[in-house]
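Dear colleague,

Please find below the structure that I am passing on to you. My notes on what was found in it follow directly after.

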Protein chains: 2
Amino acid sequence: MEQDSQNGRPRVVVIGGGFGGLNAALGLANSEVQVTIFDRKNHHTFQPLLYQVALAALSPADIAAPIRTAVHGKKNIDVVIGNVVGFDLERRLVHLEEDLDVPYDYLIVAAGATHSYFGHDDWAELAPGLKTIEDATEIRRRVLLAFELAERESLIEGQHCPLNFVIVGAGPTGVELAGAIAEISKNVLKEDFRAIDPRRARIILLEGGPRVLPSYSADLSASAQRQLEQLGVEVRTNTMVTNIEPGLVDVGEHKIDSAVTIWAAGVKASSLGKALGAKIDRSCRAFVNDRLNIEGHTEVFVIGDLARFEQNGKPVPGVAPVAIQMGQYVAEEIRRRVSNQPSKPFSYWDKGSMATIGRTKGIAQIGKIHLSGFLAWAAWLFIHLIYLIGFRNRFFVLLSWGWQYLSWHSGARLITGSDRLPGWHSHRATDATEERKKAAG
Amino acid sequence: MEQDSQNGRPRVVVIGGGFGGLNAALGLANSEVQVTIFDRKNHHTFQPLLYQVALAALSPADIAAPIRTAVHGKKNIDVVIGNVVGFDLERRLVHLEEDLDVPYDYLIVAAGATHSYFGHDDWAELAPGLKTIEDATEIRRRVLLAFELAERESLIEGQHCPLNFVIVGAGPTGVELAGAIAEISKNVLKEDFRAIDPRRARIILLEGGPRVLPSYSADLSASAQRQLEQLGVEVRTNTMVTNIEPGLVDVGEHKIDSAVTIWAAGVKASSLGKALGAKIDRSCRAFVNDRLNIEGHTEVFVIGDLARFEQNGKPVPGVAPVAIQMGQYVAEEIRRRVSNQPSKPFSYWDKGSMATIGRTKGIAQIGKIHLSGFLAWAAWLFIHLIYLIGFRNRFFVLLSWGWQYLSWHSGARLITGSDRLPGWHSHRATDATEERKKAAG
């Protein structure tokens, strides 16, 4: 770092190699600044496809690429694996673990968001969320193992226990997971087992609010629910989860047997927003102005899921296109500042949003255009392939999908790690009678 | 299982879905017996290519396939994920965890082998071995992380510490790992880092005996050592490891700094050989006769790495072709017995053996034919692709290799899991002076 201050180049520190941070760094490639990206992981993850890894349709390496690979050949960009623990905004220093300080002239904080269990952090082990490659392989492990354990029980013990998958939260992640589990249960796995019929698995999608995909229009929400139900997903809106136990999900009046519980109900921003000393909202997002700066620091930018940016009186959503546009904007703004050009404000251009449901369904909302079913899914596929980072990944994802589509064989059905499921046996001993009868009926 | 005893079909229990067990089960497909494969994992692993996963050239799903997929469509074969803990040979029962008993008429034990640390089990955490997909991703994590941590030290702290990779044991696994680490250091990673030069990494291969690949002829051993040295591997024969500490490997008189230590020095058979009550050798292998039966039990077969079978006065090696042939033989022998045909003895047909060194080198010994260099490597590639289970995998491995070969980009360089390395810092504080001087010189 000393070299850079000696050669007089402004030093830009980017925290986070997700969509926001990576686009900010790439936007500054071959410029007059020296960029260093810090991330705890060595890879950029294409989060919108994580659920495909969780459901064994893709391998981790299909949707993740080393950050180094993404910035390959950009001589003014360094990548450092490290954990940022705090800041000294007065002295313009980033504190890393192990008492290391890194100076900056411009700071871009793009540390993203993680699951929020609304104060019930003990639920994390029982109901993993889906934000990282590790989360995805853990969900894959649990889902596949549930089928294996049910097969074992049937073959060896002659028992047929309910095989329920409960997804908490019907935002895009919950809907995509529910649709994908339904697909593999009904289609992919149906010939793999002898003693159990995977098609008898129940997929239960719980939503606290009145409709699924609440960020979409009412007609698309209704369409999404219909498409989910066609796939066999049981959608329960206005249903609040009051507790999660091993093998059980409590929804107030009764308990639902659950072989695998997945959390898709809430996110909170990284704690680095608070560490900046910035004003934060209830989701820990840092308020930023129309230059994406926190108050009082024109050299500190916050972007992506960590930023609370309001446009037309409401906050922009925590989605990849917002993070990408913010990253691109900050790169341009820093270029303007170092070349003494006039500053310009950020504005988000909403190109529309899409959610996929199962193998060939989905919804899309592009301005006033509302698409449902296959057309929405085709649009989704096209857009996601275009955005995927790295030729190799795009090529392999396409092949993997093509093969899967033609053969109905899912490719990456590996169970790695432990062969235990929390509550696999305990859930039999409970008094979840209402649900038992339902499953038996 | 009761069904099967009711319908009168002989019940064959296979323990282990590796090369031996899987070939035994497949050899009994569509026969008059009912087969159940038990494995702790849901997947068959193509162990000869594990080192390619460990060195990030292939993804786990490229070299592993669910056992269910491998026996897809064979109606008389069940697959059960479960942990076998013991046997009751008198009552012909297999004990599973959780107090479950499974009856059999024929038992095939193919539980394989694991690492042996020769009584130093505390070394396992410091020097992982390479037997499973989890092992491979752990080694991948450590190797890639070592380069990342070295880059961070150089960039932020201005320090240049030695970056040594120490592989203990110069059998096929150790030689393949050493060659592959040398290749990625010298070629694949060389443009990825700015502050460090990955080509300065030292790869040290320690062998207790007088030569590498001791199971090969002396001329091929010598050729292998030359090929390794051409790749930059430091080969040290007659070097016994006396202790392993975080960041250090003790070799008697001095200590070697080691960022990543990998164990390829010894294997021992599964404890299930002992659990059978059979006579076992020092590596815990169960002695079997020329029908691959243990003494006194013509209905109990032991095959693969768990079997101690002697031919021409010496034990056959623990390699995939032996396990495959044993599995095929046992299937045929059981078919003969249930149809009251005369029994035949097993004999191993040695088609030769091969080891690969780096990207385009290797050695091969096929009867009296000894190959070295590119020709050996090409033979190795061809044979391995042919044996890989599953069209999809073969297709993807070929593509992945082709792409890697053309582009020099390694495909699956993901670090998942923890961002710590045992002893990463402590090894600086040691008195490994001899090695320090050597590294500095």
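**Notes on the structure**

Lys41(B) is partly exposed, at a relative accessible area of 25%. Please bear in mind throughout that this is a predicted model.

I begin with Lys41(B) because it takes part in a salt bridge with Glu134(B), in which N and O are 3.0 Å apart. The two partners come from distant parts of the chain, 93 residues apart. Glu134(B) belongs to helix H6 (residues 133-157) of chain B, while Lys41(B) sits in the loop between strand S2 (34-39) and strand S3 (43-45) of that chain.

A second pair in chain B joins Lys255(B) to Glu245(B), again by a salt bridge, with 3.0 Å between the closest N and O atoms. Lys255(B) is in strand S16 (residues 255-257) and Glu245(B) in strand S14 (residues 243-245), so this bridge ties together parts of chain B that are ten residues apart in sequence. Both ends are partly exposed: the relative accessibility of Lys255(B) is 26%, and that of Glu245(B) is 24%.

Asp281(B) and Arg285(B) form a further salt bridge, their closest N and O atoms lying 3.0 Å apart. Here Asp281(B) and Arg285(B) are both buried. In chain A, salt bridges link Glu125(A), Glu138(A), Arg141(A) and Arg142(A) into a network. Over all chains, the structure contains 39 salt bridges, whereas the number of disulfides is zero.

**Chain A as a whole**

Chain A has 441 residues, of which 59% count as buried. Its secondary structure consists of 13 helices and 27 strands. Among the contacts in chain A with a separation of 6 or more, 66% are between residues 24 or more positions apart. The accessible surface of the chain is about 17,800 Å², and carbon and sulfur atoms make up 51% of that area.

**The nonpolar cores**

In soluble globular proteins, nonpolar side chains tend to be buried together. The largest nonpolar core in this model has 70 residues. Val143(A), Phe147(A), Leu163(A), Phe165(A) and Leu205(A) have the most contacts inside it. Helix H6 (residues 133-157) of chain A is the greatest contributor to this core, giving ten residues. Apart from this core lies another one of 67 residues, which includes Leu49(B), Leu58(B), Val143(B) and Leu228(B).

Beyond its neighbours within four places in sequence, Leu205(A) is in contact with several residues, among them Ile167(A), Val175(A), Ala178(A), Val212(A), Leu228(A), Val233(A) and Val235(A). The charged residues Glu234(A) and Arg236(A) are also in contact with Leu205(A).

Glu207(A) lies in the loop between strand S12 (202-206) and helix H8 (218-230). What is the nearest side chain of opposite charge to Glu207(A), which is buried yet has no salt bridge? That side chain belongs to Arg211(A), 9.0 Å away. Not counting residues up to four places away in sequence, Glu207(A) touches Gly169(A), Ala170(A), Gly171(A), Arg236(A), Thr237(A), Asn238(A) and Thr239(A).

Asp281(A) is found in the loop between helix H9 (272-275) and strand S19 (286-287) of chain A. Is this residue buried or exposed? Asp281(A) counts as buried because its relative accessible area of 11% falls under the cut-off of 20%. With neighbours within four places set aside, the contacts of Asp281(A) are Phe287(A) and Arg308(A). Lys268(A), 13 residues apart from Asp281(A) in sequence, is 9.9 Å from it, C-alpha to C-alpha.

Most residues other than glycine have a negative phi. Two residues of chain A may be set against that background. Phe118(A) has a positive phi near 50°. Its place is in the loop between strand S10 (113-115) and H6 of chain A, and the residue is exposed, with a relative accessible area of 54%. Cys284(A), likewise not a glycine, has a positive phi of about 70°. This cysteine lies in the loop between H9 and S19 of chain A.

Cys284(A) is partly exposed, at a relative accessible area of 24%. Cys284(B) also counts as partly exposed, at 23% relative accessibility.

With kind regards

Key: Residues numbered from 1 in each chain as written. Chains lettered and ligands numbered in written order. Predicted model: local features only at pLDDT ≥ 70, side-chain atom pairs only at ≥ 80, totals over all residues. Heavy atoms only, no water. Core = buried A, V, L, I, M, F, W, Y, C linked by side-chain atoms within 4.5 Å. Buried < 20%, exposed > 50% of the residue type's maximum accessible area, 1.4 Å probe, protein only. Helix = DSSP H or I, 4+ residues; strand = E, 2+ residues; numbered from the N terminus. Contact = heavy atoms within 4.5 Å. Salt bridge = Lys/Arg side-chain N within 4 Å of Asp/Glu carboxyl O. Disulfide = S-S within 2.5 Å. Areas by Shrake-Rupley, 256 points an atom, 1.4 Å probe, with all protein chains shown as cover.
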